[in-house]
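Visitor: Hi, I have not looked at this one before. Could you walk me through it?
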Protein chains: 2
Amino acid sequence: MEKNIVVLRYGHRPYRDLRVTTHCCLVARALGAKKIIIQGEEDFALRKSVEGITKNWGGGFELEFSPGWLEQVKKFREHGYSIVHLTMYGKPINKEIGKMRRKNKVLAIIGSRKVEIGVYRESDFNISIGKQPHSEIAALAILLDRLFSGKELEKKFPGAKMVLTAKNEKK
Amino acid sequence: MEKNIVVLRYGHRPYRDLRVTTHCCLVARALGAKKIIIQGEEDFALRKSVEGITKNWGGGFELEFSPGWLEQVKKFREHGYSIVHLTMYGKPINKEIGKMRRKNKVLAIIGSRKVEIGVYRESDFNISIGKQPHSEIAALAILLDRLFSGKELEKKFPGAKMVLTAKNEKK
């Protein structure tokens, strides 16, 4: 069965977080998630940048802005999604990955600034990618790579104007 | 034998790239690299931020600024390092990881803006983490996770003022 992974980016601030959230969106798309929901106001620069990539590089990646995170968590839970929150205070991914791989529908929550306690409570899994402070972009990448067991890197993106094939490979 | 991984961040622009390069530094540190070299002028805000984390969270992570990348590549090659350049134009990591895991000394080059052709030529491995545009932060994370086979997430950081243990874990 195909895996459905949706990413929820908690607490996006327009302009200030533009580059980092853009990285989150592109990582979600490139590593096999089907959609990202940005918690915050519509950010037109972000939309332009992400939709430009999707238009050129293909695939059906979706981007949505949503003012609240809790309504999203509830909606996805009703649709059978497991809620996975990435946080350094969570349980080690090395221990939990087996359980998570059995889930075919995952809503992955990533924050940047301090996440309110409700996010921990509402999540089925609070998962740490190491016990050191680093980057939600990196944490998301490793989660997706582990959930898809590396196969996401071979995913096809239909309808692309641009495709890199072995001919383009350097050395 | 212990692995020595050093990261070279190509083309850092002070202020403009501060947040993204900070993520690169923290990912390098958290996921087991021993050092990052930033190609560019000294960026005091970046140094303060990265050294603040290292001071509180332990370990012997090093940060260096260097105006040129080629001198660094030559120096590390002389010391027995393999040069791994992460680029979407490279060969798939899924195919090349076996060869790379046998190397105990790796200089990993990550860019952001367009990298000059010499970087491709000087590298022993040009490696793609997928064939889609995404993020050098994510690419670095997956490279390190694969090189260390996930064990980097259990690394100890001696001398830390702050440590998260199982007691802090949520649900």
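Guide: Gladly, and a term comes up at once: an axis here is a line fitted to C-alpha atoms, for helices over the stretch in contact, and angles run from 0 to 180 degrees between N-to-C directions. Please keep in mind that this is a predicted model.

Visitor: OK, so at what angle do helix 1 and helix 6 of chain A pack?
Guide: Helix 1 (residues 18-30) of chain A packs against helix 6 (residues 136-147) of chain A at an angle of about 5 degrees, and their axes are 9 Å apart. Because angles under 35 degrees count as roughly parallel, helix 1 of chain A is roughly parallel to helix 6 of chain A.

Visitor: Which residues make that contact?
Guide: Helix 1 of chain A contributes V20(A), H23(A), C24(A), V27(A) and A28(A), while helix 6 of chain A contributes E136(A), I137(A), L140(A) and A141(A). By class, seven of these residues are nonpolar, one is polar and one is charged.

Visitor: Switching topic, how is chain A related to chain B?
Guide: Chain A is superposed on chain B by a rotation of 180 degrees with 0.0 Å of shift along the axis, at an RMSD of 0.0 Å, and that is the relation of a two-fold axis. Of the residues of chain A, A138(A) comes closest to the rotation axis, with its C-alpha at 2.3 Å.

Visitor: And how many residues are in contact between the two chains?
Guide: There are 40 residues of chain A in contact with 40 residues of chain B.

Visitor: Which helix gives the largest share on the chain A side?
Guide: That is helix 1 of chain A, which supplies seven residues of the side touching chain B. By class, that side of chain A has 21 nonpolar, ten polar and nine charged residues.

Methods: Residues numbered from 1 in each chain as written. Chains lettered and ligands numbered in written order. Predicted model: local features only at pLDDT ≥ 70, side-chain atom pairs only at ≥ 80, totals over all residues. Helix = DSSP H or I, 4+ residues; strand = E, 2+ residues; numbered from the N terminus. Parallel < 35°, antiparallel > 145°, perpendicular 65-115°, else oblique. Contact = placed C-beta atoms within 7 Å. Nonpolar A, V, L, I, M, F, W, Y, C, P; charged D, E, K, R; others polar. Least-squares fit on C-alpha atoms with pLDDT ≥ 70 in both.
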